[in-house]
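Q: I'd like to go through the salt bridges in this one. Can we take them pair by pair?
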Amino acid sequence: MRKRIVSMWFPRLPSDRVLRARATNTANDNRPFVLTHHEKGTDRIYCLNPAAEAQGLHRGMGFSDARAYCPDLQSQPADIAADTRFLQMLARWSKRYCPWVGLDGRDGLMLNIAGSAHLFGGESAMLDDMRHRLVRAGLQGHVAAADTRGAAWALTHYGRAAHEDIGALPVAALRLDAKTDTALQRLGLRKISDLFALPRAAIARRFGPEVMLRLDQVMGAQEEAITPLREAPHYGVRLTLPDPVGLSADVMAGTERLLTRLCEKLKERDMGARQLQLTLRRVDQGAQQVELRLAAPMRDAARILPLFERGIHAADAGYGIDQMRLEATQVEPLLNAQASNTPAERRDGLEDLITRLGNRIGLDNIRRFLPADSHIPERSFQIAPAAYSAPEGPWISARPRPLRLFPPEPIAATGPELPMKFRWRRMAFTTGRSTGPERIAPEWWLPDRAWQSGVRDYWHIETREGRRLWLFYTPQNPAWFVHGEFP
């Protein structure tokens, strides 16, 4: 079977992706637009549309210079990760033409259409269909087919016609670096055909083996494989019911069967579900969705099933449910659990409780305190979502810290000595026992307006009225404050 390779090149993939997603009217579609990327201490043009290129702008140009040339220029920061995801989506779409599709850099695809062109009426009809669909999708794409991957790439990037002679293309079409390309052109070797008459050994000695390797790949003397895009594993199961059901108990029974099958899939790949979506299709073609976000990656059907109960009871079965679909929309690696000092029942119970509460008020709203590496009281802890953080060990502190911290509140006291009597919050207190002072200096490398007064001398006092307070004195700006209270 004759091997045929199709190259798809999207020269404006990032800008086309953004412009397709923007809800702009027809009047603004032709306005100059660029994507910017911060490089070498300045913002530069990463990609641009034809209207911006017509204004004399180009890739790599400084954004400030571009604004000077084109005052009405529209811009947006580039998102390279989103561009990669979009290219992978195009690769999945391209599998409508053949099953063997691979990525070609950041803006291209390679398709091995051997044996599949006849399904579309021939190779020419297939390429025309590709171009038509890309134009309809709002994407600028160059499509060409050849016997080798290198030749197909050369035609899409430098060819002016689909069946142009490879030898007439410039030497840059061999996918050479800019330095080698410039050196070849200085010697008068501007076309690929100019290399055919030269001795191979002389070219290799002068420019290295890469030039001959690329030439052999274009002409087919050197095989160049296409690495197909690996399919992402899909974690979804479906259950079609012979008769519609409407009772919550029946739906829970079906969910249990789906969970058992799904958890087996997750276990095979050492993954755990973080987010599950149960879709209940009704006989009237309507659908109800029950979403469950878990506080930790799980694949235990017995633990997950009760967490679905509240959502299933709230679902509207209508005239009956005839199909159920369960999908793990977000997964994380979950290896075999190792031995831990925390009992498994206690740890699992806490995660289940966080899941139940989180599906009512939001997982991000359930937080825990974690220790932070700082001697400043306000920075000695951090608050993190409990579902996305692990509890730390015991908090280690050289001196006790109050359980309650609040912004420093001044008290009616004067002098550097610890006051025996003072007033705070309109109440009078008498100092009974005291421990201190503990001097804490501000972190000079982190600006903090609250610590502009300089060092602080902290005292832990027990008042005769029963309150245990944390006081401090600022020598550089004499004053006394209450910063916290012990239980």
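Predicted model: local features only at pLDDT ≥ 70, side-chain atom pairs only at ≥ 80, totals over all residues.

Q: What do the side chains of Arg131 and Asp128 form?
A: A salt bridge, at 3.2 Å from N to O.

Q: Buried or exposed, or in between, for Arg131? And Asp128?
A: Arg131 is partly exposed, at 28% relative accessibility. Asp128 is partly exposed too, at 46%.

Q: Which strands do Arg404 and Glu485 lie in?
A: Their side chains meet in a salt bridge of 3.3 Å, N to O. Arg404 is in strand 14 (residues 404-410) and Glu485 in strand 19 (residues 480-486), so the pair links parts 81 residues apart in sequence.

Q: Is Glu485 buried or exposed?
A: Glu485 has a relative accessible area of 10%, which is under the 20% cut-off, so it counts as buried. Arg404 is partly exposed at 45%.

Q: Which residues are joined into one network by shared partners?
A: Arg4, Glu123 and Asp147.

Q: New topic. How many salt bridges are there?
A: The count is 24. One of them pairs the side chains of Lys3 and Glu223, at 2.5 Å from N to O.

Q: Where do Lys3 and Glu223 lie?
A: Lys3 is in the segment before strand 1 (5-9), and Glu223 is in the loop between helix 9 (209-219) and strand 8 (236-245), so this pair ties together parts 220 residues apart in sequence.

Q: And the accessibility of Lys3 and Glu223?
A: Lys3 is partly exposed at 31%, while Glu223 is exposed at 56%.

Technical notes: Residues numbered from 1 in each chain as written. Heavy atoms only, no water. Salt bridge = Lys/Arg side-chain N within 4 Å of Asp/Glu carboxyl O. Helix = DSSP H or I, 4+ residues; strand = E, 2+ residues; numbered from the N terminus. Buried < 20%, exposed > 50% of the residue type's maximum accessible area, 1.4 Å probe, protein only.
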